[in-house]
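Student: Before we go into particulars, could we work through this one together in questions and answers?

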Amino acid sequence: MTDNRLDLPQGTLDLLILKTLALGPQHGWAISERIQQISGDVLRVQQGSLYPALHRLERRGWIRAEWGASENNRRAKFYELTRIGQEQLEVEEGVWRKLTAAVAQVLETT
Amino acid sequence: MFSDLLFRLRALLRPKVVEAELDEELRLHFDLQVDKYVKSGLTREEAYRRARLVFGGLDQVKEQCRDARGLNLLEFLVQDVRYGLRMLRKSPVFTAVAVLTLAIGIGANTAIFSAVNALLLNPFRFPESHRIVYIEERHISGRNQGAGYRDFLDWRQQSTVFEEMAILPWTGSYTLTGQGEPQRIVGGRITCGFLQVLGIQPLVGRFFTADEDKPGAPLLTVLSYAAWQRRFGGSPDVLGRPLVLNSVPYTIIGVLPRGFALPGVQTCEFLAALRENPSNDRFQHQYNVLARLKPGASVERAQSEMTTIARRLEQEYPETNKGWGILVTPIRSAIARETKTPVLILFSAVILVLLLACANVAGLHLARASSRAKEMAIRASLGASRGRIVCQMLIESLLVAFGGGTLGLILAQWLMASLRSAAQEELALDAMMRLDPAIFLFTLVISVSTGILFGLAPALYGSRSDLNSVIKGDAGLWSRAPAHGRLRSCLVAGEVALALVLLVGAGLLVKDLTVVLSLQTGLRTEQVLTFALAPPSAKYSSPQRQAAFYLDLLERLRFTPGVDTAALVDTLPMTGGMTGGGFQIEGRPQAADWVDTLVQYNGSTPGFFRAMGIPILRGRDFDDRDGTASLPIAIINDTLARQFFPNEDPIGRRYRDDYDGKWRSIVGVVGSYKSQQPMKPPIPAVFRPLAQTGLGFEWITVRTGGHPERLAGSIRGIVRAIDPDVPILQLRTMRQVVSDSLSQSRLMTQYLAGFAAFALLLASIGIYGIVAYSVRQRLRELGIRAALGASYGSLLGLVLRNGAQLSVVGIAVGTPAALAISGLIGSVLYGISPRDITVFVGVPVILILAALGSSYLPARQAAKVDPMIALRCEL
């Protein structure tokens, strides 16, 4: 186990999931793998947070689930972005960018 | 929004499908993770182990997913109710005891509180009842009595503060004919203005007017609602039809409203006008008077005006009204005065029962908490939040409360029905008592909140604790148990104390009743049968015909096999009735006030003393030669002899009284007997031969050779043979008559005894519960003792002592409380002291025996403990 993992700030997991799903429908395990891969192993999503988050997003209607076949040919629940989810992603992305820019600016100037 | 609803509904309606899907999703994730590790070069086992570590608790993830789905509230509720019902079904003893305890606590409270409400708090449901007052005459000697008829007429005429004044129905029984078999029905004589005083209107028709009170006016009657329904089918054309009473037709002019009820009047089927007649004088204080104050007039003003009137009457009629004042009381206080003490006693008892029920429910929940600590800890470790566990417990308590409340409502209805039928005569509860929803809710809330409060204990214990040690099963037993057990021990000791107070109360009343019933009455009540007859007055209009009827009856009775003696008397001992007046001895001055020489007047035929077992101390009984032609004579009792002839022989002396003013020679002295109730001392009495005074309403007393009940059939036959139109009234043994004279205290005694038995049961259950619990907790310790050689007997003793200690603490707390409360009961005790030693010793003995009895089962379990148990960890 490497120690360069980071805990995700509150609320960012939803954003990452939505972003990941923007590339196409995925099942739970693939979502966590993708996030880990793209972040260069820095971000690891625990199942304990992933699945409750998926269920929460599904309830809000931002993503929807459909059963399909996984790569090892088992039944898997594939999540995909809904239209509302798409809009929400854009909003959240904007918020995130503004936030990080602001934080970065503060850090640089002081 | 819509997707949200669909999502929740699906999860709610198809929980199994949703759960299975979640399972499958998580399993896939796990397997893919394992595959990944295998691909990276780990062995299958290593990959598996690694995946588990990363994955964390599967059940926690699931629980969080359920939370995230956000359908908790509804889903949890349905699930918790289902689970709660299952848990309650799994512990039927707990459920049954808790539900029953609540049911009795709630039921008894609702019924008794409703009675208290009807009698003390809100007895008089008439419009503006605060304006209704009760008026009575009061003698300077302190006795309150009803009013004389002429006095009443003067009051009504002279007073100005009242809107209306009326005499309460003067009840009596009448023979009703013309409606099938002749029947005896109860009716009331009344003055006009009665309904105006109460502020109500007849339902149908009208009421008497002032003119119709006068002698010579046509005979009219107003029916009660019940009589209208039963005898005339509620027909509206009943007005103008006749009601034949004692062979005289009365014209029906109205019907009273439904639910009309006054103390002592609710059995009346009709009301008719009370007319002035020769016996309506100022001597007889027999009527109850009610009046309605004018709006704005105060009770004080009415009192001062009536006092002025009383002074005036004293001056005008000194021989009858001297010393008599008038007392004006608001009707509420007047009713409460009569019924206060018994109702207050029942009221206190029922509050104790409620406390006990609450303590018991609390104890039950605490016991359950300890046995469920492990379950709670396991649920917590599987991811249940504290809130969730609390919610679960809450629902279980509410389920128990709901069951208890429903059953309690049924019980309350039943108790009130029995109160109503048992206390109808004495307490006038019939139409007044309603199940009060506010009271039901009040008791429900009190007992339910106790349940909830203590029902939460398992949740708090379970979720607060160090999960590890609870699951392992030692810390919970050794470190926390004492504090927890102490609370329960206090509760149980408290229950014992409450039970002691109730048992002492019931014990005092029961003992008093038996003592009073066994008191010497001066009568030999065994083998005596009594009854009364009601020959219709129209058919037996002349005194001669009536006398002939009774003489014929006595003659036939005397020749009936098994009959020893039969005689008539006008006032049956122990029936509460009394006629009395002044008494003057020849050659001595008349007393300044006739009340100073008050004696009871009786009339009897020869053989009455023999039938009742009253000894003739001097002189003789009446015989058949005493009649209207011979000299007027009388017999006195020895109380009178001692009071008026302390050092002389009364035989041959003459006296006269207010009855007919004739001088009568005393021919005999008989033993005194108690004429009202067994605990009231005998009063001076004179007996006149009925042959010289004429007959009125008579009781027949029959002394038999064997069982008096066996004679009932032949008596009915004899009466029917003489005249089938004469109804027989109140055929009872004399023993029954004595017992009936105490019916009100007997009713209270029965209720209190019932409550006390319930209290004893609850306390025993409480003791059993705590002892069984401590045995379970100490099983390992007991095992060690057994292993070290403790004998069966010593282990048994150890546990029994535990139970006995609890009851001793309870007794120590309860005895002072019982002593304090016995003062309240003291006022209704006649035969024993409120500190009766047998009761105060007997009750603690009973409680200790009950404690030992209920500790016996757990004690036996403890004594039989297997020493090997000490070596095992798991219990």
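Student: In which strand of chain B is B:Arg654 found?

Tutor: This is a predicted model, in which local features need pLDDT of at least 70 and side-chain atom pairs count only at pLDDT 80 or more, while totals for chains, interfaces and linings use all residues. Residues are numbered from 1 along each chain as its sequence is written, and chains are lettered from A and ligands numbered from 1 in the order in which they are written. Strands are DSSP runs (E, at least two residues), numbered from the N terminus, and the one that holds B:Arg654, residues 654–657 of chain B, is β20.

Student: Is B:Arg654 buried, exposed or partly exposed?

Tutor: A residue is buried if 20 or more other C-beta atoms, placed from the backbone, lie within 10 Å of its own, exposed if 12 or fewer, and partly exposed in between. Because B:Arg654 has 18 other C-beta atoms within 10 Å, B:Arg654 is partly exposed.

Student: How many residues of chain A are in contact with chain B, and which element gives the most?

Tutor: Contact requires C-beta atoms, placed from the backbone, within 7 Å, and by that criterion 19 residues of chain A are in contact with 22 residues of chain B. The elements of chain A that give two or more residues to this side are α2 (28–38), α3 (47–60) and β3 (75–81), where helices are DSSP runs (H or I) of at least four residues. The most, nine residues, comes from α3(A).

Student: What ipTM does the model score?

Tutor: The pTM is 0.64. The ipTM is 0.84.

Definitions and conventions. Contact = placed C-beta atoms within 7 Å.
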